[in-house]
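Morning, everyone. I have one structure to walk through today. Please have a look at it first.

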Amino acid sequence: MPELKNDRLLRALLRQPVDVTPVWIMRQAGRYLPEYRAVREKAGDFKTLCTTPELACEVTLQPLRRFALDAAILFSDILTIPDAMGLGLHFTEGEGPRFKKPVRSMADVQALSVPDPETDLRYVMDAVRLIRRELDGRVPLIGFAGSPWTLATYMVEGGGSKDFAAIKGMLFDQPKQMHRLLDTLARAVTAYLNAQVAAGAQALMLFDTWGGVLTPRDYREFSLRYMEHIVRGLTREHEGRRVPVILFSKNGGQWLEAMADSGCDAIGIDWTTDLGNARVRVAGKVALQGNMDPSILYASPERIRGEVGTILASYGRGRGMVFNLGHGIHPQANPEKVAVVVDAVHELSRQYHEG
């Protein structure tokens with residue numbers, strides 16, 4: 001593999017010195033880019049786009065051609081694992097992902113097996129290999145997966161949910177069944193992420209999108225516990241470098257101290273938590289990633305630059321920060337505003353670093 005020309009992201013995640021704060025954007029490959037929409041139309045549907053390595057590679061690289069981003073993130077979907085478990089994933093326009101066979105009973109849970117990443121999910125690994133080759137060492141590639149709790153919410157609900165009635169019913173009434181499902185998913189996610197590293201991913205992120213709907217007690221037992229299992233089982237050294245791991249629980253600001261003790265290298269935080277306060281609370285144990293409200297991108301370039309400056313100042317001088325949005329970029333965002341963010345981060349952050 002060619003030598004990495006820009007390793008700011010990896011260095012920042014490991015709390016090592018950098019010249020400027022690295023920046024990437026959740027969902028940076030996506031619907032806000034006209035070139036993405038063109039490839040999506042060519043693919044015919046979202047699932048074909050995800051499962052065709054050449055197309056997944058193309059949309060992964062598209063934002064890097066426009067913006068001076070410090071990382072690429074694999075274009076895929078968090079529901080690849082439950083799809084490989086045979087639950088009949090399909091995407092309905094305007095409704096999002098749905099499963100034909102939701103997991104509701106202990107028999108349903110017992111029927112699930114851990115997919116083999118190089119056979120059942122070969123298209124993802126082929127995409128990782130292709131992206132690494134095409135990147136040619138320009139920036140690192142981030143691999144990712146959904147957390148066991150987040151995957152389970154879709155599998156039990158049969159799709160997205162507003163009240164999470166089915167999965168919370170299972171959690172409260174059938175906790176043994178819930179734990180068995182989460183254990184299977186934790187083993188599947190561990191194998192899946194390790195296969196991504198073997199294929200070329202240089203950093204990993206666990207998206208716990210729905211951890212924030214739980215009580216503090218239940219978050220620790222049903223979400224964080226299984227992310228800790230995964231972190232313990234991950235390949236942390238590859239190609240002569242450490243492979244940093246980022247945990248992100250949306251609305252997880254109240255659990256930062258527990259997350260910092262999980263064994264991860266970095267925590268992603270959303271805009272409901274102050275970055276400077278988060279830095280004090282994690283006490284140097286982990287790097288922090290975040291945390292601009294995606295809706296700021298509807299504002300003027302001057303307002304956007306001001307917000308970037310405020311967030312950088314909130315974290316302050318020193319190591320261990322990666323700039324990102326607090327959640328995925330909105331489909332309606334103007335790409336020119338994204339360029340404002342990326343350029344402002346690099347320009348305004350230099351004063352906070354040594355050298």
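A salt bridge here is a side-chain nitrogen of Lys or Arg within 4 Å of a carboxyl oxygen of Asp or Glu. Keep in mind that this is a predicted model.

With that cut-off, Arg 242 and Asp 265 form a salt bridge, because their closest N and O atoms are 3.3 Å apart. This pair links distant parts of the chain, 23 residues apart. Arg 242 sits in strand S7, residues 241-242. Asp 265 sits in the loop between helix H12 (256-260) and S9. Arg 242 is partly exposed, at 32% relative accessible area. Asp 265 is buried, at 7%.

How many salt bridges does the structure hold? The count is 21. Let me pick out a few others.

Arg 305 and Glu 347 meet through their side chains at 3.1 Å, N to O. They too link distant parts of the chain, 42 residues apart. Arg 305 belongs to helix H14 (residues 301-315), and Glu 347 to helix H15 (residues 335-349). Arg 305 is partly exposed, at 33%.

Next, Arg 217 and Asp 218. Their salt bridge is 3.0 Å, N to O. Arg 217 is exposed, at 54%.

There is also a network of salt bridges. Glu 118, Arg 122, Asp 126 and Arg 129 are linked in it.

Two bridges join S1 to strand S4, residues 141-146, and the two run parallel. Ile 73 stands opposite Ile 142 in S4.

Last stop, Thr 272. This residue lies in the loop between strand S9 (266-268) and helix H13 (275-282). Thr 272 counts as exposed, because its relative accessibility is 53% and the cut-off is over 50%. Its side chain makes a polar contact of 2.5 Å with the side chain of Asp 270. Thr 215 is 57 residues away along the chain, and the C-alpha atoms of Thr 215 and Thr 272 are separated by 17 Å.

That's my tour. Over to you.

Conventions: Residues numbered from 1 in each chain as written. Predicted model: local features only at pLDDT ≥ 70, side-chain atom pairs only at ≥ 80, totals over all residues. Heavy atoms only, no water. Helix = DSSP H or I, 4+ residues; strand = E, 2+ residues; numbered from the N terminus. Buried < 20%, exposed > 50% of the residue type's maximum accessible area, 1.4 Å probe, protein only. Polar contact = N/O pair within 3.5 Å; in protein donor to acceptor, adjacent residues only side chain to side chain. Pairing = 2+ DSSP bridges.
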